[in-house]
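Here's a quick briefing to read alongside the model. Have a look at the coordinates first, then come back for the rundown.

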Amino acid sequence: MDALREFFHMGGYAFYVWSAYGVALVVLVANVVVPMMRARDLRARLARQARLERSP
Amino acid sequence: MWTFLHKLGSPRHFYRISGGMLPWLAWTTALLMAAGLYGGLVLAPPDYQQGESYRIIFIHVPSAWMSLFVYVIMAAAGAVGLVWRIKLADVMAAASAPLGASFTFLALVTGSLWGKPMWGTYWVWDARLTSELVLLFLYFGVMGLHAAIEDKRTASRAAAVLALVGVVNIPIIHYSVEWWSTLHQGPTVTKFDAPSIHLSMLVPLLLMALAFKLYYVTVLLMRARSEVLERERSSAWVRELARGT
């Protein structure tokens, strides 16, 4: 338990170290999620168009 | 080899081949990043001068390296698109810009969070920091051109010219710590003699650098695939694909 607290304490630099890692996590995850959502929307749009063309 | 490259250059084959590669790339990235983080945050000892604060290096340095690497790739892809009119090169250049901007942003923010406890300030207008900030604005310029110009071919051409002009900034960033006196410390790893960093820190750093590189390739392919579908939406193979789903 103490080892864990010490780990998160980062020798007094907790704010700087974990802020840096937090920002990195947010930016890296956002860069994956945004293109995934875009790909899903695009595929749905293309499928809708295909259905419209089939049933005039 | 050439026939393979030629096939890969066609949007349809690119879409198929990249789809098969993505899961492998994503899992390798995740594994490398997990190993790098464990090595960097848990196994590596504290630095004898900087204590625990140096652990920011494991994201700061890979981000900074990638900010330069992605820019060179983006400018090179832009040049290929400009000269040989290869659609896929335009797509790669366009998809690289937001990723490069993200890495540059991360390098600046993590560097700032490292600078505060070590130098006593979040920001200083010295050569390394200022030239890296200019890099961020170059990425924003490329993204802005893509967003502002409706016609994709024109947008790609304009963005490629801007990216190529901005290449001068790359050696300036790299050598800034040697050309000008600066708060930023000199290179640790890319020196001609042995790197001045212990193996227990170097290994996780290189693992993280490799993970960031593969992360870039993974997300680049994801973005490029959507871009290809969008640009080719009226072609026969995309219609066929859309009917299938």
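A salt bridge here means a side-chain nitrogen of Lys or Arg within 4 Å of a carboxyl oxygen of Asp or Glu. By that rule, Arg38(A) and Glu227(B) pair up through their side chains, at 3.5 Å from N to O. Keep in mind that this is a predicted model.

**The interface as a whole**

- Chain B puts 39 residues into the contact, and chain A puts in 29 residues.

**Helix α2 of chain A against helix α8 of chain B**

- Helix α2 (residues 14-54) of chain A and helix α8 (residues 199-231) of chain B have axes that come within 10 Å and cross at roughly 20°.
- Angles under 35 degrees count as roughly parallel, so α2(A) is roughly parallel to α8(B).
- The crossing of α2(A) with α8(B) is left-handed.
- From α2(A), the contact residues include Val27(A), Leu28(A), Val32(A), Pro35(A), Arg38(A), Leu42(A) and Arg45(A).
- On the α8(B) side, the partners include Phe212(B), Tyr215(B), Val219(B), Met222(B), Glu227(B) and Glu230(B).
- Sorted by class, the contact of α2(A) with α8(B) has 14 nonpolar, two polar and five charged residues.

**Charged pairs**

- Side chains of opposite charge can pair when their charged atoms come close.
- How many salt bridges does the rule find across the interface of chain B and chain A? It finds three.
- Over all chains, the search of the whole structure turns up nine salt bridges.
- Besides the Arg38(A) and Glu227(B) pair, the side chains of Arg45(A) and Glu230(B) meet in a salt bridge at 2.8 Å, N to O.

**Chain B: overall layout**

- Chain B has nine helices and zero strands.
- Its C-alpha atoms fill a box of roughly 65 × 35 × 30 Å along the principal axes.

**Chain B: two helix pairs**

- Helix α3 (residues 57-84) and helix α4 (residues 87-119) of chain B have axes that come within 7 Å and cross at roughly 155°.
- Angles over 145 degrees count as roughly antiparallel, so α3(B) is roughly antiparallel to α4(B).
- The crossing of α3(B) and α4(B) is left-handed, and the residues of their contact split into 17 nonpolar, ten polar and one charged.
- For helix α5 (residues 127-148) and helix α6 (residues 152-166) of chain B, the axes come within 8 Å and cross at roughly 170°.
- That angle makes α5(B) roughly antiparallel to α6(B).
- The α5(B) side of this contact is made by Leu138(B), Gly141(B), Val142(B), Leu145(B) and His146(B).
- From α6(B), the contributors include Ala155(B), Ser156(B), Ala159(B), Leu162(B) and Gly166(B).
- By class, the contact of α5(B) with α6(B) has eight nonpolar, four polar and no charged residues.

Key. Residues numbered from 1 in each chain as written. Chains lettered and ligands numbered in written order. Predicted model: local features only at pLDDT ≥ 70, side-chain atom pairs only at ≥ 80, totals over all residues. Heavy atoms only, no water. Axes fitted to C-alpha atoms, helices over the stretch in contact; angles between N-to-C directions. Helix = DSSP H or I, 4+ residues; strand = E, 2+ residues; numbered from the N terminus. Parallel < 35°, antiparallel > 145°, perpendicular 65-115°, else oblique. Left-handed = near helix turned anticlockwise from the far one by under 90°. Contact = heavy atoms within 4.5 Å. Nonpolar A, V, L, I, M, F, W, Y, C, P; charged D, E, K, R; others polar.
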